[in-house]
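Some notes on the model follow, beginning with the charged pairs and ending with the sheet.

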Amino acid sequence: DFALDLSYNRLECAPVPLHNLLLGDLRLLSLRNNKFKCDFLPHDDDYDLVKIMNLDLSNNQFTDTSWTSVFPSLVVLNLANNLFTGPIVFTMSTMQSLTQADYSNNQFTADVTTFNNLPLLVSLKVSNNLFFGSLRLDDMPQLISLDVSGNHLDEAPDLACIGYHFR
């Protein structure tokens, strides 16, 4: 297993060998606090070989999330503070191992039910976006941290079904 941390630099594009690392033993990739905006993912059918479990792309300039479904082994995903807009174009059903997700401080306009049916999710941060709808917390029995502030939710999440989990 291999971890790569390129955080806190001024990088705009990933190094070319990153493609090979994505298809190898890379388990943790942190590109946080850079200036990334370009696509750095494989453009072939080898996505099933990607084994990254922790992906931190926060505080960059990414705009497209269509590639995130190619990480079926993700446990931790941080997309906070980027330039994402519009709907989330990937299916969360491909990320059943996800325990922590941070989509905060972007301009996502998806139905918050996108996050339903993630039974292992412990922490969900989607603050300061344009999410709408209502979140079903009974689909997230492990959830202990939730931040949905600064959105356009239709109703508050029903905390009664999991209230004893919150501290």
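1. The model is predicted. In it, R136 and D139 form a salt bridge through their side chains, with N and O 3.1 Å apart. R136 is partly exposed at 42% relative accessibility, while D139 is buried at 14%. Salt bridges with shared partners join R136, D138 and D139 into one network.

2. The whole structure holds four salt bridges. One of them pairs R27 with D1, where the closest N and O atoms are 3.4 Å apart. This pair links distant parts of the chain, 26 residues apart: R27 belongs to strand β2 (residues 26-30) and D1 to the segment before β1. D1 is exposed, with a relative accessible area of 78%.

3. A further salt bridge joins the side chains of D56 and R32, at 2.8 Å from N to O. The partners are 24 residues apart, D56 in strand β3 and R32 in the loop between β2 and β3. R32 counts as partly exposed, at 25% relative accessibility.

4. Is D56 buried or exposed? D56 counts as buried because its relative accessible area is 10%, and buried means under 20%. Beyond the neighbours within four places in sequence, D56 contacts L29, S30, L31, R32 and N78. Strand β3, which holds D56, covers residues 54-56.

5. The sheet is open, with seven strands paired in parallel in the order β1-β2-β3-β4-β6-β8-β10. Its edge strands, each pairing on one side only, are β1 (2-5) and β10 (145-147). From one strand to the next, the twist averages 10°.

6. Within the sheet, β4 (residues 76-78) and β6 (residues 100-102) pair in the parallel sense over three bridges. L77 has A101 in β6 as its bridge partner.

Notes: Residues numbered from 1 in each chain as written. Predicted model: local features only at pLDDT ≥ 70, side-chain atom pairs only at ≥ 80, totals over all residues. Heavy atoms only, no water. Pairing = 2+ DSSP bridges. Helix = DSSP H or I, 4+ residues; strand = E, 2+ residues; numbered from the N terminus. Axes fitted to C-alpha atoms, helices over the stretch in contact; angles between N-to-C directions. Buried < 20%, exposed > 50% of the residue type's maximum accessible area, 1.4 Å probe, protein only. Contact = heavy atoms within 4.5 Å.
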